[in-house]
Each structure stands twice: as C-alpha cells, then as structure tokens.
Amino acid sequence: MTAPLDGIRVVELGSMYAAPTAGRMLRDFGADVIKVEDPAGGDFARQWQPAHKGMSIGFARLNSGKRSVGVDLRQVAGQDLIRRLALQADVLIENFRPGRMEAWGLGYDELSAANPGLVLTRVSGFGQTGPYREKPGFGTVAEVAAGYAFLNGWPDTPPTAPPFGFADSIAGISAAYGTTMALYRRSLSGQGSVVDIALYEPLMFILGDAVLNYTASGEIMQRHGNSSGAASPRGIYQTADNGWLAIAASNQTIAMRLFDAMGRPDLKTDPRYATNVARMSNNASLQEIVIAWIKAHDRDEVLAILERFEVVAAAVNDAKDISEDPHFKERTLTSLVNTVLGDALVPGPVLHVSGYDGPVYDGVPAVGEHTREVLSDELGLTPDELGQLQADGVISRVAADGISTVQGAAG
C-alpha cells in the first residue's frame, strides 16, 4: 500500500515548533513537504539547544525528510514565489501573526482564487478571530493561558510550565488532524478551506474538566502533584532500590486488584477505601500505606507483582530506558540516518496504518538545500532568473549541486 498522503504537496511557511510539527505529521504519512525558510539564517529552531556537533536536536527531529527552500518573504519577489508554489500545492501551512499573510497578498482569498482546492492551515497564538487574535503567542503563553501551568505541580509549589514544547506539539498534531479533514472534504466538494488553530485551544480541550467543573459547581480545581484529583490511589512511588514507578488505580476493579497484590484484602472492605469517593476523601492515609508497601520492595519485584495481579503500572523511564526498551525499539523508535548526529533514534509516527510501513528519516536539510531543485525543476525558473533572485537576496545562494552556501546551514 502507498502512503496515505502520497501525492499531497505541502508548502510549510512555519517556523519554530507547532507548524513544523504539523508538517512533520503530514510528511510522516507520505506528503511532500517543501519547507520555506529565511535564506539568511533559516528557521530559528536551527539555533535551539540542545545541539550536537552543530545540529539542533529539536530541529532535526521535526524536519528530517522535508525539502528546504530559502525565500525572503519580506520581498515582493519572494511573495510572488510563494504564490506560485501555492498554485501547485494542496496545503499551505503558516504560523505568522494574523494579518501578516494578507499584508503580503498571500491571504486565503488571494490564494484560493488561483487555487480553489488549496487548504490553508493557520497556526497562531490565539487564533484568527477574537479579541486576542493579534497578540503574539508561543507555547509557554499557551500553557499558562489554557490553565495547564496552574494545575501542574504540587499544592505548595508555584504553577509550573513543562520543560518541552507541550502546547506546540499538541497544536501541531491538531493542525495535521484538521488539515486531513479539510483534504477529505475537498475530495467530496473540490473546494479547499481554512484550518484555524490557536496554540492554546487543543491544550484547553484536554484540561476541559477544570472549566466544566468551575462553571457547573463554582469550584476551581487545584494542583495535586502526582495525584489526578479524580481517582485514588494514583501516583509515582520510590522503591527500595531507589527506582521509580507509577501506579494508576483509576477504576474500582484495578484498585481492588492493587489491594490484593499488596496482600491487603482487608482494604477492599474498609469503609475508608472501599469506594473511589471514600478513597479520595482518605487519600493521604491510603497513600501512606501504598508508599510503605512499595518502599519495602525493589522495583523489578514490585512491577512483577503488579503485572501478575493486572494492576496498571510502569517504570518511570528516562531517555536511556526508552532507547533500550525492546517494545519501543520494535514499534516506536526509528533511525535518523545520514546526519552529523551519528547512530541516532527518533520517535516515529504517532500512529500506525495497516499496509504502510512508515517513513524513512534520512538526513536533515540545510537552509535552502532544495531551492534550485524546487524553483527550477518545478516552477520552471531559468538559470538567469535564479541568478537574479540570488543577487537580489530573495533566495538562498546555492551551488550547482543545489547545496546552500549559507554558513551554519546544518544547525
């Protein structure tokens, strides 16, 4: 079977995290993604840390397999090149502040007039509508605005933002989801459409219980540390050998199995712990019992017992654990080859489709590496036209082999 999105062409004007995540999601399932970057320095994500041998880890993970074209969008000639690329595209992804594309003559009305089937996927901090539409927004802003930071952490610690691109990643995956829906509708009607993603909205959806709870009951949900605030017992626990594991006894059956695994069947009929409502009311004392039992055993021993009793539990993994785990190596992790990073692994697609083996992550494009290939072979620009655009600083300077001459192009 061919890739599900084989034949779909995407022009990605996105930079940093969320929009490139959407591009990678589409590329993972067969789309040809042309990544348009500033010809002088490329996507700022190339400068992110951590980096290894001059290549940004985050940039490499999100952009392997894309084709990089260096175009200065601030110049009229650069905007015209994008207009021509959009004419041949199925999808255009952008993450500029609302109004910027229209100011460049690249709004949906202009682009769809020439290409009615185009899907324009727009990722912004607060969306294309509403009082905050013009506010700038990165993932950290989305994480605090959506309510995540307020709920993340312990009752006696400050609200805490995640140490990774949480909101951006969820928004990028949601953007890909919306894009494929728009492509499906286009297959029925022939008409493209606009997909409008605000960074905060997918995360706010995940946190929706807090909003519903407040508007229904007036109660503001608070930080609970490793407890969910919804079911007990749940948490992350330390074992006798200083390992860590998590237990999620999130329904009645699993809680009863946990008590049996602990050799404490008496807890099943104890009125303090017999139901989830009772366990939540007495969570502190129940946690003390669970903590003491786990602390008396090594991690492998505890996990073996919990598995035998079908209790939902897992070791707390770090990157080394993940990279060496046979299940993840078989199903989830994929080699990233032909880069300065050496023998490296990345998580592959976020889902599996029968009959499709998934993408190959072969190399990371230099800034503008495919400028000549795309503009000459696909837009039909002549050598003289390319030379003039290069001289004017509109596109990346590329050698005859198509490799960008921008310094530091690999990261």
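Strands here are DSSP runs of E with at least two residues, helices are runs of H or I with at least four, and both are numbered from the N terminus.

What does Glu94 touch, leaving aside residues up to four places away in sequence? The list is Leu13, Met101, Leu120, Thr121, Arg122, Val123 and Gln128, where contact means heavy atoms within 4.5 Å.

## About the model

This is a predicted model, so to speak of local features takes a pLDDT of at least 70 and side-chain atom pairs count only at pLDDT 80 or more, while totals for chains, interfaces and linings use all residues. Residues are numbered from 1 along each chain as its sequence is written, and side-chain values use heavy atoms, with hydrogens and water left out.

## Ser56 in strand 4

Ser56 sits in strand 4, and at a relative accessible area of 0% this serine is buried. Its side chain reaches the backbone nitrogen of Phe59 at 3.3 Å. A polar atom of the Ser56 side chain also lies 3.5 Å from the backbone nitrogen of Gly58. Both are polar contacts (pairs of N or O atoms within 3.5 Å; within protein, one must be able to donate a hydrogen and the other to accept it, and residues adjacent in sequence count only if both atoms are side-chain atoms).

## Helix 1 against helix 8

Two packed helices are described by the angle between their axes and the distance between the axes. For helix 1 (residues 18-28) and helix 8 (residues 166-189), the axes come within 7 Å and cross at roughly 50 degrees. The axes are lines fitted to C-alpha atoms, for helices over the stretch in contact, with angles from 0 to 180 degrees between N-to-C directions. Helix 1 and helix 8 are therefore oblique to each other; under 35 degrees would be roughly parallel, over 145 roughly antiparallel and 65 to 115 roughly perpendicular, with the rest oblique.

From helix 1, the contact uses Ala18, Thr21, Ala22, Met25 and Leu26. Helix 8 brings residues including Asp168, Gly172, Ile173 and Thr180. The residues of this contact divide into eight nonpolar, five polar and one charged (Ala, Val, Leu, Ile, Met, Phe, Trp, Tyr, Cys and Pro are nonpolar, Asp, Glu, Lys and Arg charged, and the others, Gly among them, polar).

## Helix 11 and its ends

Helix 11 (residues 252-261) has Ile254, Ala255, Met256, Leu258, Phe259 and Ala261 as its buried residues. Among the elements covering them are strand 10, helix 12 (276-281), helix 13 (283-295) and helix 14 (299-308).

At the start of helix 11, a side-chain oxygen of Asn251 comes to within 3.2 Å of the backbone nitrogen of Thr253. Just after the helix, Gly263 has a positive phi of about 70 degrees.

Most residues other than glycine have a negative phi, and most peptide bonds are trans. Lys53, in the loop between strand 3 and strand 4 (55-56), has a positive phi near 55 degrees. Lys53 is exposed, at a relative accessible area of 65%. Asn242, in the loop between strand 9 and strand 10 (244-248), has a positive phi near 65 degrees; at 54% relative accessibility, Asn242 is exposed.

Gln49 to Pro50 is a cis peptide bond, with omega near 0 degrees, and Pro50 lies in the loop between strand 2 (32-37) and strand 3 (51-52). Another cis bond joins Ser232 and Pro233.

How values were computed: Buried < 20%, exposed > 50% of the residue type's maximum accessible area, 1.4 Å probe, protein only.
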